[in-house]
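Work through the exercises below with the sequence and the model open. Try each task before reading its solution.

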Amino acid sequence: TREKIKHLESVILTLKYQKHYNKSTALKAADQEKLCLKREYDQIQKELNRKINVMASLEHELKVLNIENETLRKKQAGLESQLVEASDKLLQSNSSLTFSQAQNLRELQQLREQVCTMVPKEQLAQLQQRLSLEEVQCRQLQEQLDKKVMESNTQQAPPPEQRAVHADTYRRIGHL
């Protein structure tokens with residue numbers, strides 16, 4: 001019976017040792033798992049922080065681009081307004097020029113008729129020379145005006161809708 005008791009005590013000690021060993025092994029395995037999970041968590045956290053930084057950078061860049069876009073839109077609207085104003089002035093100038101040319105031609109014809117009957121030839125030659133000079137000046141002014149219009153048009157051509165509106169306005173005035 002003593003042997004049985006010793007044997008049972010020995011078995012109990014072995015079981016306690018195995019239980020302690022199994023517990024220790026389980027704790028080590030749990031610690032290892034915990035360490036692996038901690039590393040994985042840290043890696044995921046780093047990746048998340050990197051992506052958050054990239055997203056913040058992209059949001060900032062988007063804001064800057066939106067501000068720049070709005071500035072360019074305002075500038076474009078100002079240029080379009082200037083172009084419309086310049087086109088209107090050009091239409092007025094062309095109308096005024098056409099009217100003045102027609103009026104000058106009538107006056108010239110009347111003056112020629114009057115001169116032929118009243119003015120000496122020498123004075124007539126002087127008047128014709130003066131008229132020629134004024135016609136040259138008129139052509140030069142017209143060329144300058146056309147040049148400015150071309151410069152204005154090359155700076156920014158109006159969108160097709162505006163060109164159609166200007167052409168329609170020009171037609172209504174009776175010049176096309």
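**Exercise 1.** Find how confident the predictor is in the protein chain, and which of its elements have the lowest and the highest mean pLDDT.

Solution. 
Step 1. Take the chain as a whole: its average pLDDT is 84, and 86% of the residues score at least 70.
Step 2. Go through the elements: the lowest mean pLDDT, 58, belongs to helix α3 (residues 160-173). The highest, 88, belongs to α1.
Step 3. Apply the general rule: coordinates predicted with low pLDDT should not be read in detail.

**Exercise 2.** Decide whether D42 and K38 form a salt bridge, using the 4 Å cut-off between a side-chain nitrogen and a carboxyl oxygen. Then state where the two residues lie and whether each is buried, partly exposed or exposed.

Solution. 
Step 1. Look at the closest N and O atoms of D42 and K38, which are 3.2 Å apart. A salt bridge requires these atoms to be within 4 Å, so the pair qualifies.
Step 2. Classify the exposure. Partly exposed covers the range between under 20% (buried) and over 50% (exposed). D42 has 31% relative accessibility, so D42 is partly exposed. K38 has 45%, so K38 is partly exposed.

**Exercise 3.** Describe the salt bridge between K89 and E85.

Solution. 
Step 1. The closest N and O atoms of K89 and E85 are 3.6 Å apart.
Step 2. K89 and E85 are separated by about one helical turn because they are 4 residues apart in helix α1.
Step 3. K89 has a relative accessible area of 49%, so K89 counts as partly exposed. E85, at 46%, is partly exposed.

**Exercise 4.** How many salt bridges does the structure hold?

Solution. 
The count is 5. Those treated above include D42 with K38, E47 with R50 and K89 with E85.

How values were computed
Residues are numbered from 1 along each chain as its sequence is written. This is a predicted model: local features need pLDDT of at least 70, side-chain atom pairs count only at pLDDT 80 or more; totals for chains, interfaces and linings use all residues. Side-chain values use heavy atoms; hydrogens and water are left out. Buried means under 20% relative accessible area, exposed over 50%, partly exposed in between (1.4 Å probe, protein chains only). pLDDT is the predictor's confidence in each residue, from 0 to 100.
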